[in-house]
Amino acid sequence: MHTAEVIWTSDGDFASGQYSRAHLWRFDGGLDVPAAPSPSIVPPPLGLAEAVDPEEAFVASISSCHMLWFLDVAQRAGWNVASYRDLAKGALRQSDGVVWIPRVDLNVEVTFVGDTPDRTTHLALHDKAHHACFIANSVKTDIVVNLS
């Protein structure tokens, strides 16, 4: 079981809508993360620009899950990975009156030690990782891997 506690306390005039949306995510490992809506949706002072917003966390969870599976798949296939970096991007879009993130681009840069797989093999490792990723298997968002 995975748990995350979300904690919010009223700070402002709730009845008029002039209250802070800043809150706290507390994870089962003990980490507390400041959270708030995206500043583009609820700007400060009602939001908190330096906090993580749910959309960022969604994109990060997809990226992190993919990376962890990629590292496992690459290691099992005999490739030696020295570093992995992803500038993952997703944007809210409106479609049929629903706002959602229809696509997340994983912009991946992998450095290997020794032999480097050719592009086809490299993409196949990512494809295998994508199909193993619990988060990717749990969402309807398109996830696209772009190699740099």
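Analyst: Let's start with a ring term: a charge sits over a ring if NZ of Lys or CZ of Arg is within 6 Å of the ring centre and within 35 degrees of the ring normal. Lysine 140 does this with tryptophan 100, lying over the ring's face at 4.8 Å from its centre. More on rings below. First, the ground rules: this is a predicted model, where local features need pLDDT of at least 70 and side-chain atom pairs count only at pLDDT 80 or more, while totals for chains, interfaces and linings use all residues. Numbering runs from 1 along each chain as its sequence is written, and side-chain values use heavy atoms, with hydrogens and water left out.

A pocket here is an open set of points on a 1 Å grid over the protein atoms alone, where a 1.4 Å probe fits and protein lies on both sides within 12 Å along at least five of seven lines; lining residues have an atom within 4 Å of a point. Volume means the space filled by probe spheres set on the points, which are joined across faces, edges and corners.

The largest pocket comes out at about 410 Å³. Its lining has 14 residues, with Phe27, Ala57, Ala60, Ser61 and Ile135 nearest the centre. Helix 1 is the biggest contributor, giving six residues. Helix 1 (54–76), strand 1 (4–7) and strand 4 (23–27) each put in at least two; these elements are DSSP runs numbered from the N terminus, helices being H or I of at least four residues and strands E of at least two.

Asp53, Glu55, Glu56, Val59 and Gly90 lie nearest its centre, out of 13 lining residues. Helix 1 again gives the most, this time three residues, and strand 7 (89–90) joins helix 1 in supplying at least two. This lining divides into six nonpolar, three polar and four charged residues.

Val59 is worth a stop. It is found in helix 1 and is buried, at 8% relative accessible area (buried is under 20%, exposed over 50%, partly exposed in between, using a 1.4 Å probe and protein chains only). Leaving out residues up to four places away in sequence, Val59 touches Ala88, Lys89, Gly90 and Val104, where a contact means heavy atoms within 4.5 Å. Valine 59 and valine 6 sit 19 Å apart, C-alpha to C-alpha, and 53 residues apart in sequence.

Ser38 belongs to the loop between strand 5 (32–35) and helix 1, and it is buried at 13%. That loop also holds proline 45, which is joined to proline 44 by a cis peptide bond with omega of about 15°.

Back to rings. The structure holds seven aromatic pairs; Phe, Tyr and Trp rings (the six-membered one for Trp) pair if their centres lie within 6.5 Å, with planes under 30 degrees apart called stacked, over 60 edge-to-face and the rest tilted. One of the pairs is phenylalanine 70 with tyrosine 84, tilted at 45° between planes and 5.6 Å centre to centre. Phenylalanine 70 lies in helix 1 and tyrosine 84 in strand 6 (81–86), so this pair ties together parts 14 residues apart in sequence. Phenylalanine 70 is buried at 0%, and tyrosine 84 counts as buried at 16%. Tryptophan 79 and phenylalanine 112 have ring centres 6.2 Å apart and planes at 70°, so they are edge-to-face. Tryptophan 79 sits in the loop between helix 1 and strand 6, phenylalanine 112 in strand 10 (103–112), so that pair bridges 33 residues of sequence. Tryptophan 79 is partly exposed at 24%, while phenylalanine 112 is buried at 10%.

Ring pairs also link Trp8, Phe14 and Tyr19 into a cluster, and arginine 21 lies over the face of tyrosine 19, at 3.9 Å from the ring centre.

Key
Nonpolar A, V, L, I, M, F, W, Y, C, P; charged D, E, K, R; others polar.
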